[in-house]
Every structure is written in C-alpha cells, then in structure tokens.
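Here are my notes on the model, for your review. Please read them with the structure open.

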There are 2 protein chains.
Amino acid sequence: MANSSKKIREIGEDLLIKRITKNLPLGKDVVAGAGDDCAVITSNDPQSYVLLKIDCVIEEIHYMKSTPPSAVGYKALSRAISDIAAMGGTPKHAMISLSLRPECNVSYVNSLYHGLSKASSPYNISIVGGETASCGENGTPSVTVSLTGQVRKDRCCFRSKGKSGHILFVTGKLGKSLNGHHLRFTPRIEEAQWLTKKFKLSAMMDLSDGLASDLPRLAKSSNCGYSIEKNQIPRTRGASIQEALCDGEDYELLFAISSKDCNKLEVAWQKKFPSLTLTRIGKLSPKGNANPDLKGGWKHF
Amino acid sequence: MANSSKKIREIGEDLLIKRITKNLPLGKDVVAGAGDDCAVITSNDPQSYVLLKIDCVIEEIHYMKSTPPSAVGYKALSRAISDIAAMGGTPKHAMISLSLRPECNVSYVNSLYHGLSKASSPYNISIVGGETASCGENGTPSVTVSLTGQVRKDRCCFRSKGKSGHILFVTGKLGKSLNGHHLRFTPRIEEAQWLTKKFKLSAMMDLSDGLASDLPRLAKSSNCGYSIEKNQIPRTRGASIQEALCDGEDYELLFAISSKDCNKLEVAWQKKFPSLTLTRIGKLSPKGNANPDLKGGWKHF
C-alpha cells in the first residue's frame with residue numbers, strides 16, 4: 001500500500017478511520033458503523049435502535065495535569081453523552097477505563113468518579129463497570145468511556161441524510177471553549193430529544209472539533225455542499241469569527257431541516273428553550289459547493 | 001476520607017474499584033455491575049441478557065513497542081472476548097479507541113486492525129466504531145476495546161454464585177504466558193458455551209491475573225474459601241508451580257461445579273475437546289478457609 005509509510009498526522013483522523021474501517025465486515029444488525037456520532041444497531045425491540053459510543057480524553061491533550069479530577073470525569077462522560085444526543089438518543093449504560101500512574105492518589109480517583117457521577121445522574125445513566133490500569137510512572141493518564149444508548153427508530157438522526165436546500169442551525173454559542181466551557185458544558189440531550197420528537201430533521205451531529213471541521217463532515221457524509229454566512233455564526237462573548245469556527249469543543253448541535261419547517265421551529269424553540277439561542281447559519285447545497293471553503297478546526301494529529 | 005491520601009498502588013486495583021463503584025446508582029435493569037468479568041443488563045428479550053465489557057492494553061505494560069501491531073490488535077480484542085466467554089456469552093459488537101503518537105505510521109494502524117479482524121472474525125463480531133486520538137509525541141500509546149455480548153439467562157455464569165464443596169476446574173495449562181501465549185491465545189468461547197449449555201456451573205471467570213490472584217477473587221465473590229492442590233495445577237511445559245500460579249495472562253477458564261457432575265463432565269470434555277486439558281485443582285470451601293493462602297499474581301499498580 002503506497003500510503004502505508006505515511007505518518008498518521010500526514011493523513012489525519014478522518015482519512016485514517018475511513019481507510020481502516022472500510023474493509024471491516026459488519027453483521028446485518030448494524031445500521032451504521034464507524035463514521036457517525038454513534039454506531040447504530042438493531043435490537044430485539046422493533047421500535048428502537050441501540051446506540052454505541054467509545055471516546056477517550058488524554059492528559060495534556062484534552063485536559064491538564066492541573067485540571068480538577070472531578071472536571072476530568074465530568075468532561076469524559078459528557079462528551080460521550082453529547083454523541084448520544086447527536087443521534088436523538090437516550091444514554092443508558094457507561095463503562096469507564098482509567099489509565100493512571102501508580103503514584104496517583106486514591107482521592108484523585110474518588111474525585112474523578114464524582115465528576116462521572118455528576119455527568120451521569122441527570123440522565124440516570126448506570127455506570128456498570130470500571131477497570132483501572134497503570135500507564136507506568138512516566139506514562140500518559142487517560143479516561144476512556146464507552147456508553148450505550150437507545151433511540152426510537154423514527155427519531156434516530158444520522159449525519160448522512162442531509163438534503164441540499166435544507167437549512168442549517170446551531171444551538172448555543174461557539175468559540176473560546178478553553179475558557180472553561182469544555183469542562184462544564186451540558187450535553188444537549190433534552191434539546192435533541194425535543195427536536196427529534198417535534199420535527200423531522202434530515203441530519204444532525206454534535207460540534208466537537210469546531211464548525212470548520214464538523215460542517216464539512218456533515219455535508220460530505222450527506223453528499224452535499226454547504227453555504228454559510230460567517231457573520232451569522234453565534235459567538236461566545238469575546239470570540240472572533242475564526243475562534244467560533246475553529247476552537248472546537250463547543251458540544252452544541254448542528255442540524256439540517258427543511259426550509260418549510262424553519263419558522264415553526266424557531267417559534268417553538270424560543271418558547272421551549274428561551275435561554276438557549278438557536279441560529280440559522282446557512283444551508284446545505286449541491287455537492288461540490290463550499291461557500292466559504294472552511295479550513296481549520298481541531299486536528300487530532 | 002482517611003484513605004484518600006494513599007496512592008493507588010498502596011491499596012491495589014480490587015479495593016480501588018470496590019471503593020469507587022460502591023456508591024454508584026444503578027438502574028433496575030442492571031443485573032451485575034462492576035466486579036464480575038462483564039456487566040450484565042436485562043434486555044427487551046426476556047430470554048437473554050446483554051453483556052458489556054471495557055478493557056485496555058497499554059504500551060510497555062501489556063505489550064512492547066517492538067510487539068508486532070497485528071499481535072497488539074489481536075490481544076486487545078481477544079482479552080475482552082475472553083471476558084464474554086467467562087460469562088458463557090456470545091460476543092457481538094466491538095468499538096476501538098486508539099491512542100497513538102502522531103509519528104505513528106499508517107501501516108502500524110492498518111496492521112493493528114488486521115489483528116483486531118483476526119480476533120473478531122471467528123465469532124462474527126462487528127467492529128462498529130473506531131476513534132483515534134493523539135497521546136502526544138512523548139505519550140504512552142494504548143488500545144481500549146469495548147465489547148457487547150449476549151447470553152441466555154439460564155446459561156449466564158457469574159463469579160459470585162460458587163458454593164462451598166463445589167469442585168474447581170481449570171482449562172488448559174498455566175504459566176509462562178509471556179513466552180508468546182499472551183499474544184496468541186484463543187479465547188475459550190467455544191468451551192464456555194459448551195460448558196454452560198451442557199452443565200450447571202455455579203461460578204466461572206477467566207484467568208487474566210494468574211490463579212493466585214483470580215481464585216481468591218472468585219472465592220471471595222462467592223462468599224467462600226478454597227482449597228487446592230498446588231501440584232495438581234496444570235503447567236505449561238517448563239513452568240514452575242509458582243509461575244503457573246502467578247505469571248497471569250493465561251486466559252483460561254476457572255469454574256466451579258457440583259461434585260456429582262464431575263465424572264460426567266470429565267468424560268464428555270475428553271470427547272469434545274480431546275486436545276485441551278481440563279483439570280480438577282481443588283474445591284470451594286466455607287468462607288475463611290484458604291488452603292494454601294495464595295499470594296501474588298499480576299499487580300496492576
């Protein structure tokens with residue numbers, strides 16, 4: 001394989017995952033494998049799908065050695081909850097794998113689990129398993145979360161079903177997440193469930209790597225292009241347009257909906273969630289269009 | 001909390017997990033949470049349980065930088081499969097979280113996924129999701145696997161239901177796993193499914209940390225003691241009794257069964273699995289007995 005001698009950072013995470021997962025055999029019960037916010041599996045219940053997610057946070061990458069451990073735990077689980085939200089689902093069971101230095105204090109782990117509990121309790125998520133392993137004296141600690149969820153089939157929302165002409169919305173405000181939002185955000189479970197219950201969205205995802213990375217992903221997955229008004233992007237106080245596009249870790253929802261439903265949506269949203277902004281930022285367009293051509297966002301490698 | 005200032009390595013993994021998980025609220029659908037080989041959850045199917053597992057392998061701890069990446073992938077997934085086997089279950093869906101250095105070659109990841117596929121294909125496991133994250137230039141790479149499974153309720157085998165007087169068996173031979181077995185072992189899915197279909201086992205687990213660690217865990221979980229004949233322990237060629245007890249990474253099955261079923265089991269096993277030894281090593285006894293008092297085995301911290 002000509003590209004095999006390349007470094008991961010040269011090809012990036014998206015291409016890497018696409019290449020390594022394209023030949024994996026999937027059972028007939030797999031509705032969606034790698035490539036969406038969650039994997040989607042049929043279950044014994046003909047009305048619903050099972051959702052599966054795995055996600056990890058790594059010291060010095062996603063949090064600092066000085067970050068309070070309760071915030072590390074809260075963030076680790078909330079990120080996975082945000083992915084369940086992006087499918088319109090309800091989170092159910094979590095398992096936690098901790099990789100820690102042997103010198104780590106027990107109080108650190110207790111506090112980390114307090115953070116996990118804080119993230120799980122609003123949704124009655126059961127933390128059903130934990131394992132801990134040593135990363136060695138000089139190793140890099142990390143917290144990996146696997147999370148299951150459930151979603152009614154008729155409300156399950158994929159990245160890949162967006163349609164050209166559909167209007168793009170984002171919840172909340174974007175940018176400057178590192179000022180604290182990335183440790184304290186509320187996953188948009190309630191909002192996503194309300195949206196998928198009341199409206200027919202064509203595509204949805206959560207914004208984790210920044211709109212500049214994530215919108216092109218949603219569009220590509222839906223075989224569409226996009227056009228947005230940069231100055232329409234809702235910005236956190238003090239954030240530049242560039243920061244709103246590229247900082248990442250917003251954990252807000254990006255979704256597409258038919259233009260005929262937009263006014264009704266905006267009125268109903270304002271009534272239901274008066275303190276959370278909902279903003280039209282543009283629309284999906286025919287494949288090949290990218291206006292403006294977005295670059296940047298969080299690069300994993 | 002008086003013990004909170006202690007280091008993890010001072011209290012060990014078992015006590016750590018017990019302490020951090022004891023206060024976690026669990027939903028009514030959780031049959032078994034942390035503490036068994038897998039978590040056990042009720043499903044929409046009244047005949048079966050869902051099994052959930054998370055497990056990670058870390059460079060320089062569970063494998064070396066020089067270990068062929070296909071062997072790393074094979075081992076990472078096979079360990080989790082072994083835990084599904086320990087419950088009598090069938091593995092179903094896997095998700096993989098890779099933490100890698102940005103300098104890692106794409107060919108390394110391809111090869112790692114070949115190993116994952118090699119582990120998954122005999123059981124038709126669908127690898128439904130993958131994520132990759134950078135552990136940084138000087139970080140410690142790791143591979144975390146989450147795996148779901150399914151088991152018929154009447155065949156689900158816990159660690160905790162062992163009975164005093166029941167006879168203890170182990171499959172295969174123990175010790176010297178680092179000579180290569182730890183990278184090439186076959187999870188005992190077929191054997192465990194046959195055992196739980198044909199016989200009523202009272203308790204089962206897989207041997208990952210060594211009999212000296214794992215047998216006391218099974219006994220304690222079942223509120224029993226144990227007595228074994230050290231010289232009855234089946235040993236890999238060249239392994240001492242001490243190595244068979246403590247090396248770990250055997251990935252064989254340890255189980256307990258009523259003495260009245262033993263002869264029938266041994267005859268039927270010999271016919272079904274003529275090339276895999278099955279050995280009586282002792283029995284469960286009333287709580288408080290430990291003969292001999294086993295120490296050692298793999299210490300995670």
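**Notes on the predicted model**

1. Start with a helix pair. H2(A) and H3(A) cross in the right-handed sense. (A crossing is right-handed if the near helix is turned clockwise from the far one by less than a right angle, left-handed if anticlockwise.) The two axes come within 6 Å, at a crossing angle of roughly 35 degrees, with H3 covering residues 106-120 of chain A. Axes here are lines fitted to C-alpha atoms, for helices over the stretch in contact; angles run from 0 to 180 degrees between N-to-C directions. Helices (H or I, at least four residues) and strands (E, at least two) are DSSP runs, numbered from the N terminus.

2. H2(A) contributes, among them, Pro69(A), Val72(A), Tyr74(A), Leu77(A) and Ile81(A). From H3(A) come residues including Tyr108(A), Leu112(A), His114(A), Leu116(A) and Lys118(A). Contact requires C-beta atoms, placed from the backbone, to lie within 7 Å. By class, this contact has 12 nonpolar, 7 polar and 1 charged residues. (Ala, Val, Leu, Ile, Met, Phe, Trp, Tyr, Cys and Pro count as nonpolar; Asp, Glu, Lys and Arg as charged; the others, Gly among them, as polar.)

3. A word on ground rules. This is a predicted model: local features need pLDDT of at least 70, side-chain atom pairs count only at pLDDT 80 or more, and totals for chains, interfaces and linings use all residues. Residues are numbered from 1 along each chain as its sequence is written, while chains are lettered from A and ligands numbered from 1 in the order in which they are written.

4. Chain A is split by the domain assignment into domain 1 (2-155) and domain 2 (167-291). Such bounds come from an automatic or database domain assignment. The C-alpha centres of the two domains lie 22 Å apart. Across the boundary, 15 residues of domain 1 are in contact with 16 residues of domain 2. The domain 1 side of this contact holds 6 nonpolar, 5 polar and 4 charged residues.

5. Now the sheets. One open sheet of chain A has 6 strands in the order S1-S2-S3-S6-S4-S5, with mixed pairing. Strands pair if DSSP finds at least two bridges between them. From one strand to the next, the twist averages 20 degrees. S1(A) and S2(A) run antiparallel and share 2 bridges. In that pair, Ala32(A) faces Val40(A). H2(A), residues 69-86, packs on this sheet and touches S3, S4 and S6 of chain A. Its direction makes about 145 degrees with that of S3(A).

6. S7(A) and S10(A) are antiparallel and joined by 4 bridges. Ile167(A) sits opposite Ile257(A) there.

7. How are the two chains related? Chain B can be laid on chain A by a turn of 180 degrees and a shift of 0.0 Å along the axis, with an RMSD of 0.0 Å. That is the relation of a two-fold axis. The superposition is by least squares on the C-alpha atoms of residues with pLDDT of at least 70 in both copies.

8. At the interface, 66 residues of chain B are in contact with 65 residues of chain A. S5(B) gives the most to the chain B side, with 9 residues. That side has 29 nonpolar, 28 polar and 9 charged residues. The copies meet through the same surface, because 98% of the interface residues of chain B are also interface residues in chain A.

9. Last, backbone checks. Most residues other than glycine have a negative phi, and most peptide bonds are trans. The bond from Asn291(A) to Pro292(A) is cis, with omega near -5 degrees. A cis bond also joins Asn291(B) and Pro292(B), with omega about -5 degrees. Tyr251(A), not a glycine, has a positive phi of about 55 degrees. Tyr251(A) lies in the loop between H7 (241-246) and S10 of chain A.

Technical notes. Contact = placed C-beta atoms within 7 Å.
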